[in-house]
Amino acid sequence: MSKQFTAKDVQEHNTQEKGLYIIIDNGVYELGGFVDEHPGGAKILKRVGGKDASKQFWKYHNESVLKKYQERLKIGEVKESAKL
């Protein structure tokens, strides 16, 4: 079973120093160590830190990108009652 996060948990991790968490389709991803590797630059990831970034993610990526990085970056799921 994956770790469960509340919206507050994710919101508290909104900087690279605190651990940059984002939500994509209910999955919680930790991007602090990925910021410098992101092809689109660090600025966009820092802007969505601590938030649900599903809309922004799907605008620029397809499912293969999520699958490629999921094992490395996904740290858990948002509790059903805690969606942003």
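Predicted model: local features only at pLDDT ≥ 70, side-chain atom pairs only at ≥ 80, totals over all residues.
In which sense do E3 and strand E4 pair, and over how many bridges?

Figure 1. Strand E4, residues 74-78, pairs with E3 in the antiparallel sense, over three bridges. Within this pairing, Tyr29 has Lys74 of E4 as its bridge partner.

**Figure 2. The hairpin of strands E2 and E3.** Four bridges join E2 to strand E3 (residues 27-30), and the two strands are antiparallel. Ile24 stands opposite Gly27 of E3. Two residues lie between the strands of this hairpin, and in the turn Asp25 has a positive phi of about 45°.

**Figure 3. The largest nonpolar core.** This core comprises 13 residues, and the members with the most contacts inside it are Ile22, Ile24, Tyr29, Leu31 and Leu45. At least two residues of the core come from each of strand E2 (21-24), helix H2 (42-48) and helix H4 (63-73). Another core, of six residues, lies apart from it and includes Phe5, Tyr21, Val28 and Val78. In soluble globular proteins, nonpolar side chains tend to be buried together.

**Figure 4. Surroundings of Ile24.** When residues up to four places away in sequence are not counted, Ile24 touches Tyr29, Ser54, Phe57, Trp58 and Leu66. Of these contacts, Tyr29 is, like Ile24, listed among the residues with the most contacts inside the largest nonpolar core.

**Figure 5. The aromatic pair of Phe57 and Trp58.** The count of aromatic pairs comes to three. In the pair formed by Phe57 and Trp58, the ring centres are 5.0 Å apart and the planes make an angle of 85°, an edge-to-face arrangement. The pair is classed as edge-to-face because the angle between the planes is over 60 degrees. Phe57 is buried, with a relative accessible area of 12%, whereas Trp58 is partly exposed, at 32%. Both residues of the pair are touched by Ile24.

**Figure 6. His38 in the loop between E3 and H2.** Is His38 buried or exposed? With a relative accessible area of 14%, His38 is buried, because this value is under 20%. Leaving aside neighbours within four places in sequence, His38 is in contact with Ile44, Leu45 and His61; of these, Leu45 is also listed among the residues with the most contacts inside the largest nonpolar core. A polar atom of the His38 side chain lies 2.9 Å from the backbone oxygen of Gly41. Lys55 is 17 residues from His38 along the chain, and the C-alpha atoms of these two residues are separated by 17 Å.

Terms used: Residues numbered from 1 in each chain as written. Heavy atoms only, no water. Phe/Tyr/Trp six-rings, centres within 6.5 Å; stacked < 30°, edge-to-face > 60°. Buried < 20%, exposed > 50% of the residue type's maximum accessible area, 1.4 Å probe, protein only. Core = buried A, V, L, I, M, F, W, Y, C linked by side-chain atoms within 4.5 Å. Contact = heavy atoms within 4.5 Å. Pairing = 2+ DSSP bridges. Polar contact = N/O pair within 3.5 Å; in protein donor to acceptor, adjacent residues only side chain to side chain.
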